[in-house]
Amino acid sequence: MSTMKFIPDIETKRLAIKLKPAAEKMVKREHPWVFSDSIIKQIIDGKAGDLAIIYDSKKNNFLACGLYDPYSPIRIKLIQFKKSAQINEEWFISKIENAFNTRIPLLETDTNSYRLLFGENDNLPGFIADVYDKVLVIKLYSHIWFPYLNWIIPALIKTSECETVVLRLSRSLQSKGDIYGLNDGDVIYGTLETEVVVFREHGVLFSANVIKGHKTGYFLDHRHNRKRVGELSNGKSVLDVFSYAGGFSIHALRGGATEVVSLDISKQALEMAKGNAILNEHQGKHEIMVADAFDGLQSLIDRQKKFDIVIIDPPSFAKRENEIEKAKKSYSRLAKLGSQLVVPGGILVLASCSSRVISEEFFNISEENIVAAGKTFEVLEKTYHDIDHPINFPEGAYLKCGYYKLK
């Protein structure tokens with residue numbers, strides 16, 4: 001067995017915490033976030049990763065425990081509710097095994113890439129672990145996890161049977177300077193022959209740059225929608241907008257599409273899409289279009305281009321509260337533009353990954369703007385999260401996708 005890169009033992013202490021009544025109510029509902037302004041009693045200052053134990057303000061009973069984060073307005077990320085437990089190596093092993101067991105049905109398909117840990121939704125807030133074939137990529141979004149990595153990483157290796165572990169750090173973590181000698185992109189276990197790892201999803205091959213790629217190297221969450229688009233694409237022309245590395249495009253080509261256009265503002269992402277297309281056998285023509293999505297859609301309309309299937313899957317437009325209205329306007333414009341590019345009887349696929357715009361609102365915006373573009377439609381289906389992206393609390397739900405057959 002390879003040795004793990006040295007991670008120092010970091011001592012933690014226990015903090016007793018009491019909360020305002022409204023926050024206490026949220027904890028009783030097992031919401032994983034406690035904000036700094038909800039804390040009314042805390043005797044000593046906490047360091048990142050200290051165990052914060054929350055007690056009922058009236059009866060002094062145990063309510064929950066979590067990890068203390070002095071760098072975030074979400075001051076405590078909760079990991080254990082209702083019953084007290086020893087937060088030790090065995091606790092982490094059982095959490096990781098539970099997470100793995102829920103993903104087994106996915107791994108029984110022709111797929112060797114999946115999200116093993118999905119932060120709060122697997123009771124490990126701010127901790128992401130994605131598997132690409134035999135490479136495990138951990139992405140940390142908070143300092144709270146460093147004291148526990150010597151327990152967590154061996155458990156992840158054992159459960160996933162991965163041979164290599166790469167550590168990725170969020171921008172906010174990187175901005176804090178040296179973190180125990182660990183850097184973004186460090187290979188902390190095993191060896192990495194090349195930073196581009198080839199993996200399979202439902203029999204289709206893709207590559208992920210696990211050192212420099214977005215997030216952990218790829219976006220696994222739309223897997224079931226990519227598969228669905230592939231199933232619908234035989235003999236069809238397809239436009240994939242915000243295509244990034246061509247997830248929808250490649251499934252469409254493999255599904256028998258005659259022509260696929262991948263549109264993205266990033267030439268580098270589109271080069272990856274071309275590379276991913278080459279990994280798979282297909283007969284169709286694959287074109288790339290480097291353009292801002294709104295401009296690109298308008299220029300295709302001006303050229304009177306039409307497609308059998310148009311997929312529009314933008315990045316999150318509403319990362320902050322004050323961006324919600326702007327996001328809704330963008331979704332409106334995209335639905336209107338996309339509608340004009342679909343042949344009669346063709347399919348428009350509209351997706352959102354903004355958790356701040358809830359699914360009901362997103363589908364309403366989409367449908368109103370298809371009508372505003374002068375089209376009638378039939379809803380074929382609406383999809384949400386794939387099996388490896390479970391939802392345990394309201395803010396954990398972000399992905400929604402509507403399939404519309406336009407008349």
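**Close-up 1. The side chains of Thr216 and Tyr132 make a polar contact of 2.6 Å.** A polar contact here is a pair of N or O atoms within 3.5 Å; within protein, one atom must be able to donate a hydrogen and the other to accept it, and residues adjacent in sequence count only if both atoms are side-chain atoms. The side chain of Thr216 also has a polar contact with that of Asp130, at 2.7 Å. Thr216 sits in the loop between strand 13 (204-209) and helix 5. Helices (H or I, at least four residues) and strands (E, at least two) are DSSP runs, numbered from the N terminus. Is Thr216 buried or exposed? Thr216 is buried, because its relative accessible area is 1%, and buried means under 20%, exposed over 50%, and partly exposed in between (1.4 Å probe, protein chains only). Leaving out residues up to four places away in sequence, Thr216 touches several residues, including Ile128, Val137, Lys139 and Arg168; contact means heavy atoms within 4.5 Å.

A word on what you are looking at: this is a predicted model, in which local features need pLDDT of at least 70 and side-chain atom pairs count only at pLDDT 80 or more, while totals for chains, interfaces and linings use all residues. Residues are numbered from 1 along each chain as its sequence is written, and side-chain values use heavy atoms, with hydrogens and water left out.

**Close-up 2. Helix 2 covers residues 89-107 and has a kink.** Its 19 residues reach 26 Å from the first C-alpha to the last, close to the 27 Å expected; the expected span is 1.5 Å times one less than the number of residues. The kink, of about 30°, lies at Asn101, shortly before the proline Pro105. Such a bend is the angle between axes fitted to the seven residues ending at a residue and the seven starting there. At the start of helix 2, a side-chain oxygen of Asn88 comes to within 3.2 Å of the backbone nitrogen of Glu90.

Close-up 3. An α-helix has 3.6 residues a turn, so residues three or four places apart point the same way.

**Close-up 4. Helix 2 and helix 3 pack with their axes 9 Å apart, at an angle of about 35°.** Axes are lines fitted to C-alpha atoms, for helices over the stretch in contact, and angles run from 0 to 180 degrees between N-to-C directions. Which residues of helix 2 meet helix 3? They are Glu89, Phe92, Ile93, Ile96, Glu97 and Phe100, and they meet Trp151, Ile152, Ala155, Leu156 and Thr159 in helix 3.

**Close-up 5. Helix 3 has 12 residues and reaches 16 Å from its first C-alpha to its last.** Its buried residues include Leu149, Ile153, Ile157 and Ser160. Among the elements that cover the buried residues of helix 3 are helix 2, strand 8 (127-132) and strand 10 (164-169). Helix 3 is followed by Glu161, whose phi is positive, near 60°.

**Close-up 6. Helix 5 and helix 6 (residues 247-254) cross at roughly 35°.** Their axes come within 7 Å, and the crossing is right-handed. Asn225, Arg226, Lys227, Val229 and Gly230 in helix 5 meet Gly247, Phe248, His251 and Ala252 in helix 6.

**Close-up 7. His389 is in the loop between strand 19 (377-383) and strand 20 (400-406).** His389 counts as buried because its relative accessibility is 2%. A polar contact of 3.0 Å joins its side chain to that of Asp388. Neighbours within four places in sequence aside, His389 is in contact with Arg115, Phe118, Leu220, Asp221 and Tyr398.

**Close-up 8. Pro315 lies in the loop between strand 17 (307-312) and helix 9 (324-339).** Pro315 counts as partly exposed because its relative accessibility is 44%. How many residues apart in sequence are Pro315 and Phe242? They are 73 residues apart in sequence, yet 7.7 Å apart in space, C-alpha to C-alpha. Pro315 is in contact with Phe242 and Cys353, leaving aside its neighbours within four places in sequence.

Methods:
Left-handed = near helix turned anticlockwise from the far one by under 90°.
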